[in-house]
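Please read the following report alongside the model, taking up the contact between the chains, then the packing of helices, and then the backbone.

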Amino acid sequence: MNLEKMQNAEKLKLCRRYYFGGFLALPFLWAVNAVWFVREAFFKPHFEEQAEMRKYVIRSTIGAVVWVAGIIAWNVIFQLNRASWGEVADRISYVIPTGIP
Amino acid sequence: MTYCKLMLKHTCNWKVSENVKLYRIVDYTIDYYGYGALPLPFEINCLNSCHRFMHIIMMSDLVLLMVITYLTSLSGKCFSQSSKVYSLVYQDFAEDTYDKCVRLLNGTHEIGCQSSTEGNTGILVHLNETAVLNKFLESGTRKHYVVLLESSLFERNIMLRLKAKENVQGVIVYEADNFYQRAWSPDLSCTSDRFGLYSNGSYGREYQECNNGAKLWNPLGDGITEESFPFPVFYMRSSSGRDRLINCYKDYNVPEAYPLCSVQMKSHMFGAVDSVTCTRRSNLQNSFTSVGYCDPLGGMNVVTSLQKMTSDVSSKKDSIILVSAALDSRSFMSSFTAPGADMATGFITLLGVANALGQLTKTQKLELSKNIMFILFDGEAFDHMGSTRMMYDMKNGDFPVNRDSEKTQPPPVNLTHVSHIFELGQLGYIRDGVWAHYNPISSKAVLNSVYDAINVLQNLSASVPVQNQSTGIGLVPSSLQTILQHRDVPGVVLTDYDDQFTNRQYFSRFDTLKNILSLRYNQNTTDEQIMDLLQPIAQNLSNIATAIAKMLYLIAGGSHTSTSPLDNITVDQNMMNDLLYCFLYNPNCDLFNEHLPLNSKANLSSISYRRYTSVYTGEVSDYAGISMNILASFTGEKLQNFTECLSKSDDQTVRYFNMNGNRSVAEGVCILSSTFATKALAFPLETKKLQENIAMYGVWTESRWTKTTFRLRLFLLQDELSQGMVLLAGLLVMLTSFATVYVLNEKAAILFNTGIV
């Protein structure tokens with residue numbers, strides 16, 4: 001899809017769709033939304049839909065960052081506690097390493 | 001360099017015709033640090049039209065080649081004419097030249113050794129005496145060491161000190177040429193006590209933990225078998241391998257200056273923590289790679305009955321005499337060396353007894369009011385797996401065969417049917433006779449039966465005196481300890497020791513026939529000489545076996561009249577000689593060959609069996625299999641005329657064994673016998689109810705490993721500056737070749753303006 005060829009209203013529609021789509025536990029949509037529309041929302045000359053688009057881009061960015069932080073935090077917690085959680089950790093593991101607790 | 005080749009392919013269009021010319025530039029490889037060698041065959045086929053340009057390209061490649069040569073030769077080691085860089089960098093030791101310690105797990109612990117995934121690396125240090133060891137422990141400050149340890153220093157305390165010194169990455173044990181067999185045992189000094197008779201509650205408090213530590217059964221045992229090491233431990237068997245290691249150390253590490261002789265040891269194990277954890281992980285099906293982590297240890301017990309176990313009679317109370325012995329052994333490196341020659345004399349004697357009693361006629365056997373059952377336990381060295389499982393099976397009515405109402409089965413046997421138990425323990429070092437052991441706190445009635453039985457044996461055994469165990473000690477470590485936990489039955493264990501093992505190498509790798517024979521043979525000894533050397537032991541064993549056989553006959557209700565066969569019961573000394581020779585010296589012997597299944601493809605090895613239980617397969621192991629056939633043949637009925645010698649699947653009371661015999665008859669020999677193989681597997685591992693049973697039963701598993709797990713190799717370690725230089729040179733070569741190819745590719749139109757492109 002080429003953003004250059006789209007109408008502003010179309011862009012807004014797309015941006016909104018990505019924003020709401022992200023609520024379905026799809027942080028990648030938010031991340032893509034933030035990256036894709038950041039130029040439109042902040043660095044392009046003013047157009048009518050820009051204010052709303054900014055709102056979506058900012059919120060998508062925050063959402064994506066929160067998700068990434070959450071995933072990193074979980075990963076750290078999980079890796080640190082995997083051995084001591086015993087069976088629970090084994091059950092939620094996809095690959096259990098060999099030769100270590 | 002493969003990209004150069006591709007480019008040439010493209011440029012010259014690869015039209016093959018009559019006048020094809022083949023240029024071959026030497027194969028070469030670049031290898032930084034020896035990792036990831038790239039074989040680079042460089043063949044150029046080209047049309048004549050392309051020929052001119054080929055020269056240019058080849059010239060550039062030759063220049064490049066020279067640059068590479070120059071750069072890599074800076075490090076001095078990394079260039080070769082073919083892909084032999086590996087062999088310039090590493091010297092591998094063949095896997096069969098060394099024994100390895102692996103990971104074993106039980107209900108609560110992991111024991112044994114393992115390396116990291118990629119292997120442990122360290123600078124070789126040779127420790128051959130205590131002073132050198134102490135100095136190393138104080139002053140060895142480099143980051144990683146691999147210790148080459150002289151065998152006399154290989155003991156628990158020293159190994160634990162090496163373990164505590166965290167820069168030790170591995171240990172290779174070797175024997176010096178003049179090494180003496182030292183008195184040492186890797187097993188616990190209070191061996192096999194964990195789930196023993198006196199391990200529960202207040203029963204026999206004065207005998208708990210080896211008579212409260214007052215009398216240790218195995219005083220020379222330091223218990224290294226039960227330790228866990230975070231690094232690999234190998235035992236270098238080959239003397240040339242040992243010399244290579246020692247020389248490498250001498251040549252490069254004395255005095256310590258770069259390049260240093262270093263060693264990489266790999267023995268990564270999959271299992272960890274304990275049997276509960278690794279079994280759970282093996283059973284988890286959500287695993288992406290679905291690897292196994294560990295497998296249960298176990299084997300098969302072999303049970304045979306002197307009288308045929310017909311289905312129409314039910315077992316009566318006190319109608320069976322059990323005669324048992326343990327088949328297996330273990331050691332620090334069980335998977336590769338499992339000695340226990342002294343232990344083996346127990347089941348060898350049992351086979352002798354079975355042979356003597358088996359020679360009774362059919363009517364004489366049926367006249368006995370009590371049946372005699374011989375049982376060979378497997379897995380006894382691991383918390384008495386075999387006898388523990390037998391008790392479990394007996395309780396469930398699954399002994400000697402699993403209940404199945406649709407089949408004709410022998411009557412189930414349990415402990416109430418058993419009147420006496422005789423167990424044959426270590427008998428290899430009979431000097432002043434044998435000792436009869438029993439549980440001193442059995443009930444009075446049981447003790448009286450025990451004393452009676454021992455009396456009978458004492459009267460029958462003139463040449464090998466039988467003595468009662470000393471007072472103040474409990475029952476020796478034995479399968480009987482397991483059995484007596486379920487019912488107080490008269491039970492006697494016969495051994496060559498009284499209150500501590502006569503065997504001074506119990507379950508160490510010196511616990512071999514050689515040691516029993518006081519080292520009086522070497523590789524030049526002939527078979528005849530071995531047979532001669534075996535005579536005194538065979539004589540002792542046949543004497544005691546004869547006495548035991550006669551005692552069993554009498555206790556089973558055999559008559560003691562002038563016409564009774566009692567006086568004819570003898571255990572042939574030659575038979576004992578053969579059994580000792582086959583089990584402990586060379587399995588490729590007549591006796592074993594005669595008892596192999598007919599037309600069996602397997603050739604018998606000439607190296608005595610490793611009697612390590614190993615991973616449970618549901619099949620009898622090699623040593624148990626041959627013991628089963630021998631036992632069946634000794635006690636069973638030899639069919640003279642048989643059309644087919646096949647066991648019937650719906651009749652489990654008897655089995656037909658078709659064996660080679662002495663090969664004079666093509667059909668071999670057919671033996672009909674009530675012989676059974678029962679599981680010697682910890683039942684919690686089968687029922688998957690581990691957690692609730694680990695306090696009561698030994699649940700042993702062995703970690704998985706793969707074909708490529710073990711590796712031992714030597715290499716020279718350069719100082720850090722050289723290492724950096726080599727890396728830098730490598731990077732430079734890589735960048736130069738990128739640049740060259742880029743330029744050639746860009747200018748291809750000019751350089752190769754042939755009209756073909």
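Chain B and chain A bury about 1200 Å² between them, with 53% of it on carbon and sulfur atoms; buried area here is the accessible area (1.4 Å probe) that two parts lose on being put together, summed over both. In terms of residues, 15 of chain B are in contact with 14 of chain A, where contact means heavy atoms within 4.5 Å. This is a predicted model, in which local features need pLDDT of at least 70 and side-chain atom pairs count only at pLDDT 80 or more, while totals for chains, interfaces and linings use all residues. Residues are numbered from 1 along each chain as its sequence is written, chains are lettered from A and ligands numbered from 1 in the order in which they are written, and side-chain values use heavy atoms, with hydrogens and water left out.

The side chain of A:Asp90 meets that of B:Arg280 in a salt bridge with an N to O distance of 2.6 Å. A:Asp90 also forms a salt bridge with B:Arg281, for which the closest N and O atoms are 3.0 Å apart. This second pair crosses between chains, running from A:Asp90 in helix H4 (residues 87-91) of chain A to B:Arg281 in helix H8 (residues 275-283) of chain B. Helices (H or I, at least four residues) and strands (E, at least two) are DSSP runs, numbered from the N terminus.

Two packed helices are described by the angle between their axes and the distance between the axes. The axes are lines fitted to C-alpha atoms, for helices over the stretch in contact, and the angles run from 0 to 180 degrees between N-to-C directions.

| Helix pair | Axis angle | Axis distance |
|---|---|---|
| H16(B) (residues 573-584) and H18(B) (residues 622-635) | about 165° | 12 Å |
| H4(B) (residues 130-139) and H5(B) (residues 156-164) | roughly 20° | within 10 Å |
| H1(A) (residues 8-21) and H3(A) (residues 50-85) | roughly 30° | within 10 Å |

With an axis angle of about 165°, H16(B) is roughly antiparallel to H18(B), on a scale where angles under 35 degrees count as roughly parallel, over 145 as roughly antiparallel, 65 to 115 as roughly perpendicular and the rest as oblique. Their crossing is right-handed; a crossing is left-handed if the near helix is turned anticlockwise from the far one by less than a right angle, and right-handed if clockwise. B:Met575, B:Leu579 and B:Phe583 of H16(B) make the contact with B:Tyr623, B:Ile626, B:Ser627, B:Ile630 and B:Phe634 of H18(B). Seven of these contact residues are nonpolar, one is polar and none is charged, where Ala, Val, Leu, Ile, Met, Phe, Trp, Tyr, Cys and Pro count as nonpolar, Asp, Glu, Lys and Arg as charged, and the others, Gly among them, as polar.

For the second pair, whose axes cross at roughly 20°, H4(B) is roughly parallel to H5(B), and H4(B) passes H5(B) in a left-handed crossing. Here B:Leu133, B:Asn134, B:Phe136 and B:Leu137 in H4(B) meet B:Ile158, B:Arg161 and B:Leu162 in H5(B), a contact with five nonpolar, one polar and one charged residues.

In chain A, where the axes of H1(A) and H3(A) cross at roughly 30°, H1(A) is roughly parallel to H3(A), and the crossing is left-handed. The residues of the contact include A:Lys11, A:Arg16 and A:Tyr19 of H1(A) and A:Glu52, A:Tyr56 and A:Arg59 of H3(A). By class, the contact has seven nonpolar, one polar and four charged residues.

Most residues other than glycine have a negative phi, and most peptide bonds are trans. The peptide bond from B:Val254 to B:Pro255 is cis, with omega near -10°, and B:Pro255 is found in the loop between helix H7 (239-253) and strand E12 (260-267) of chain B. A cis peptide bond also joins B:Tyr258 and B:Pro259, with omega about -5°, and B:Pro259 is placed in the loop between H7 and E12 of chain B. B:Ser192, which is not a glycine, has a positive phi of about 45° and is found in the loop between strand E9 (168-174) and helix H6 (208-212) of chain B. B:Asn212, another residue other than glycine, has a positive phi near 55°, and its place is in helix H6 of chain B.

Methods
A salt bridge is a side-chain nitrogen of Lys or Arg within 4 Å of a carboxyl oxygen of Asp or Glu.
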